[in-house]
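Dear colleague,

Please find the structure for your review below. My notes on it follow directly after.

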Amino acid sequence: MTKRLRLPTIMAFLLSVMIMISACSGGTGNSGANGAGSASTSSKQETSSGTNAGSGNDNSDPEPVKLSIAWWGSQTRHDYTQKLLDLYTELNPYVTFEATPSGWDGYFDKLSAQAAGGKLPDIIQMDYQYIATFSNNDLLADLQPFVDNQTLDLGRVDENIVGSGRVNGELTGIAISSTAMAVTYNPDVFANAGVEAPIPEWTWEQFIDAMTRIADNTGKLGTESLIDTQTFSYWVRQHGQHLFKEDGSALGYEDDAIMVEFINMVKSLQDNKSMPTPDERAQYESRGKEAMPVVTGDAGVRFDWANFTVITAGSNPNLKLVTPPLKGGGENGLWIKPGMFFSVAESSNHKEEAVKFINWFINSKEANDIIAAERGIPVSSEIRDYLKTSLTPQQQDMFDYLNVALQYSSPIDPPEPSGFAEVSKEFIDAVNKVMYDQISPEEAAQNFRKVANQILERNAN
Amino acid sequence: MKTILMKPMLKRSRKENENLVGYTLLAPWLIGFLVIFVVPMAASLYYSFTNYNMLRAPRFVGLDNYVRMFTQDDSFWISLRVTFFYVLVMVPLRLAFALFIAMLLNTRRKFLGLYRTFYYIPSIVGGSVAVSIVWKQIFGNDGVAMSLLAAIGIEQRLSFIGNPDTAIWTIILLGVWQFGSSMLIFLAGLKQIPSSLYESALIDGANAWSRFWRITIPMLTPVIFFNLILQIINGFRVFTEGFIITDGGPLDSTLFYVLNLYRRAFTYFEMGYSSAMAWALVAIIAFFTLILFKTQSSWVHYESKEGGR
């Protein structure tokens, strides 16, 4: 009788165990972690990050170490960065990488989900817009000790650039490139429309005129959309003000007329078909940089960063750079900005190895042969000199551009405050409401001020 | 558990042992349920009373999130309005369509099985990212819909997705297109109506419309009730379509509740507030489900009742 009772129970137990083992080993835990970033365009190895095979002892070189690294970019960047990682592993066989690249969209959503799980990558590509948020929440390691003990050699990097990665006195981001806002223009589109190519001293009036004529004469767009907070920040700076207060607790400009002027300009550009509607913009935004209208000859200009022509050199080698339009009687609105940083997660067990990689990235000639300034101007003066001998026309343009931009620049604003993502969306929404003829520019400017200040105040706590 | 099994079972009663087998087989699901549902739900409830930006430990703030949600957050009301509109329009349209097609298929046609399969396919693939991308393409600026309109002479600058007035309708359309699952359930329900009812109605001289209103619909009310509850609950949870096709735009005209919730959590780093939104949604769905259940006695006829009203 015991056998009859015992057998079913044992069978049931074995069955349950088998089911649980097969269930546990099937998934690799990716579906949960990637839920937040599911819309981002990721390439190849989308594996979970933060699993380090090393023992965590930073001092023993031969111990195999697996560094997880994340960056944003387009396919060009993913491809050459992977080559870079492979090269580093060749030179340092005990170091291997687990890479999780993605597009810009959703990159920081994914990072914040990883931060919540305590699983930030060892090396994180970081942006000026977000470094304050991550740094102030103690997620990024202070790398000053590594500079002091010479693991990280910043001797050939300009002190101002180094300083841009300092938040509250801690060096939590190492700038790996510098850049500035630039207008990329397609000379062929201008030529076809019979419009003279832009020159650095051009004004907003001349800009509007050129855009209108391109649209009238050829039916193409004059400019891609200008509606974003970076371009607006440039506009505000030209009025001698700043988008945010120094402490980030509220908007930094008092006069709503500044925003009203901006909105009136973009509205008129949209209405005469020289700038896309928000709808048209949404359609092309989801493609990679290489397929933007200015690259394919469907628009005359695009406001972007100085490395845009380097990124798109493969798709259209004829694009050129020029400074954004000047405001007659206004101030120098441009600023030289760190293109991006590499940060190291505070939770990383391999800080020293991570820093060594960053050091190699900035200072090594063979690394920069591969990087080819795609992320922006190299920060090391030695590398800049080294590259000068072998620059492609686009890279030469970018280097030259930065010298020109310097003449029209003023000191950089502090990093964007917490809550910036929401403020940015509110700005775009406010302007779009006018684009859709729902409210007046004055209303939009007032509403934006109210909402933005609310958000900033809430996040300052 | 192991130790229990190893002991001799002489003293154990048969019933106890059967329970043991049952629980053992239940164990994988039970553990999954606890770990994947119960624990995160409890965590979410806890977070809803905190200020948690996911980057550092949560800070208790009591009811602040709920107060802010109801008094200071415009996007909460906007997203509620959008989601309600979606549910109130999409669900009846979808069920009406499903019933219509089910009735058409409730005949002795050739290739009936084939038709049923084709009509069911959209609802299998429907909720996915892939279809949403295709939908975005069709109704977007360079898409088929614009080209078709242009071919018959209607030129417009805004696509259906880019127009704040029509964007929500493209998503409603996507929801209605997936009527297949509801249709199958209606089909099953239709098959259960005894044909004797129709025969006696015919003898009494009832026309098709009468037969539909006075026999089909009343007999179907349990199935309608079931479909209604299912679709309303699913309707409130709409996310993928809004995220992929319009990302809440243009101008928040498709800002679904769950989309807003997601954005608050992951883009604005407000996990605590977002958890409060999640529990508010639970309350809202529960409220509507409750109302439906309470009113069912007045309009749902079950076979077991005598005669029907």
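In this predicted model, A:I263, A:V266, A:K267 and A:Q270 of α11(A) meet A:V431, A:V434 and A:M435 of α19(A). Contact here means that the C-beta atoms of two residues, placed from the backbone, lie within 7 Å. Helices (H or I, at least four residues) and strands (E, at least two) are DSSP runs, numbered from the N terminus. By class, the contact of α11(A) with α19(A) has five nonpolar, one polar and one charged residues. Ala, Val, Leu, Ile, Met, Phe, Trp, Tyr, Cys and Pro count as nonpolar, Asp, Glu, Lys and Arg as charged, and the others, Gly among them, as polar.

Helix α11 of chain A covers residues 257-271, and its axis lies 10 Å from that of α19(A), at an angle of about 50 degrees. Axes are lines fitted to C-alpha atoms, for helices over the stretch in contact, and angles run from 0 to 180 degrees between N-to-C directions. That angle makes α11(A) oblique to α19(A); angles under 35 degrees count as roughly parallel, over 145 as roughly antiparallel, 65 to 115 as roughly perpendicular and the rest as oblique.

Helix α19(A) also takes part in the contact with chain B. In total, 36 residues of chain A are in contact with 34 residues of chain B. On the chain A side, α1 (2-26), α4 (107-116), α12 (278-285) and α19 (420-435) each supply at least two residues. The largest share, 13 residues, comes from α1(A). This side of chain A divides into 20 nonpolar, eight polar and eight charged residues.

As for chain A as a whole, its secondary structure comes to 20 helices and ten strands. Of its 461 residues, 47% count as buried, that is, with 20 or more other C-beta atoms within 10 Å of their own, where 12 or fewer would be exposed and values in between partly exposed. One residue of strand β1 (65-70) is A:A70, which is buried, with 22 other C-beta atoms within 10 Å. The C-alpha atoms of A:A70 and A:F13 are separated by 43 Å.

Residues are numbered from 1 along each chain as its sequence is written, and chains are lettered from A and ligands numbered from 1 in the order in which they are written. In this predicted model, local features need pLDDT of at least 70 and side-chain atom pairs count only at pLDDT 80 or more, while totals for chains, interfaces and linings use all residues.

With kind regards
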